[in-house]
Amino acid sequence: MNLNKTVCYCMNVTNGMIKDAVENGAATLEEVQEITGAGTVCGTCLENVRRLVEEFLAERNQ
C-alpha cells in the first residue's frame, strides 16, 4: 500500500496519516476523524477511510 497516497482530498489526508492515527491509539472511525479530519467535509472518501481504519486496526491487533 502506498502510504503517501491521498485518501481525503478535502483535508489532504494520506493513507499513512490514517495508519499513524490508528497506531497511536485511535480505535474508531470517529477517533481517526477527530485526529486527521478525514471524511469530515464532503464525505466522498468516508467508505475508503472506514475500510482503512478497519484494516489498520486488524494489523495493530495481530
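These legends accompany close-up views of a predicted model. Local features need pLDDT of at least 70 and side-chain atom pairs count only at pLDDT 80 or more, while totals for chains, interfaces and linings use all residues. Residues are numbered from 1 along each chain as its sequence is written, and side-chain values use heavy atoms, with hydrogens and water left out.

A salt bridge here is a side-chain nitrogen of Lys or Arg within 4 Å of a carboxyl oxygen of Asp or Glu, and the count comes to 4. One of them links Lys19 to Glu23, at 3.9 Å from N to O. Both residues sit in helix H1 (residues 15-23), 4 residues apart, about one turn of the helix. Helices (H or I, at least four residues) and strands (E, at least two) are DSSP runs, numbered from the N terminus. Lys19 also forms a salt bridge with Glu59, where the closest N and O atoms are 3.9 Å apart. Glu59 belongs to helix H3 (residues 46-60) and Lys19 to H1, so this pair ties together parts that are 40 residues apart in sequence.

The closest N and O atoms of Arg51 and Glu55 are 3.6 Å apart. Both lie in helix H3, 4 residues apart, about one turn of the helix. Arg51 is partly exposed, with a relative accessible area of 43%, and Glu55 is partly exposed too, at 31%. For these labels, buried means under 20% relative accessible area, exposed over 50%, and partly exposed in between (1.4 Å probe, protein chains only).

**View C. The largest nonpolar core has 16 residues.**
Such a core is a set of buried Ala, Val, Leu, Ile, Met, Phe, Trp, Tyr and Cys residues joined through side-chain atoms within 4.5 Å. Those with the most contacts inside this one are Val7, Ile18, Val32, Val49 and Val53. Strand E1, H1, helix H2 (29-36) and H3 each supply at least two residues of the core, and its largest share, 5 residues, comes from H3.

**View D. Ile18 and its contacts.**
Zoom in on Ile18 and, leaving aside neighbours within four places in sequence, you will find contacts (heavy atoms within 4.5 Å) with Val7, Val13, Val32, Val49, Leu52, Val53 and Phe56.
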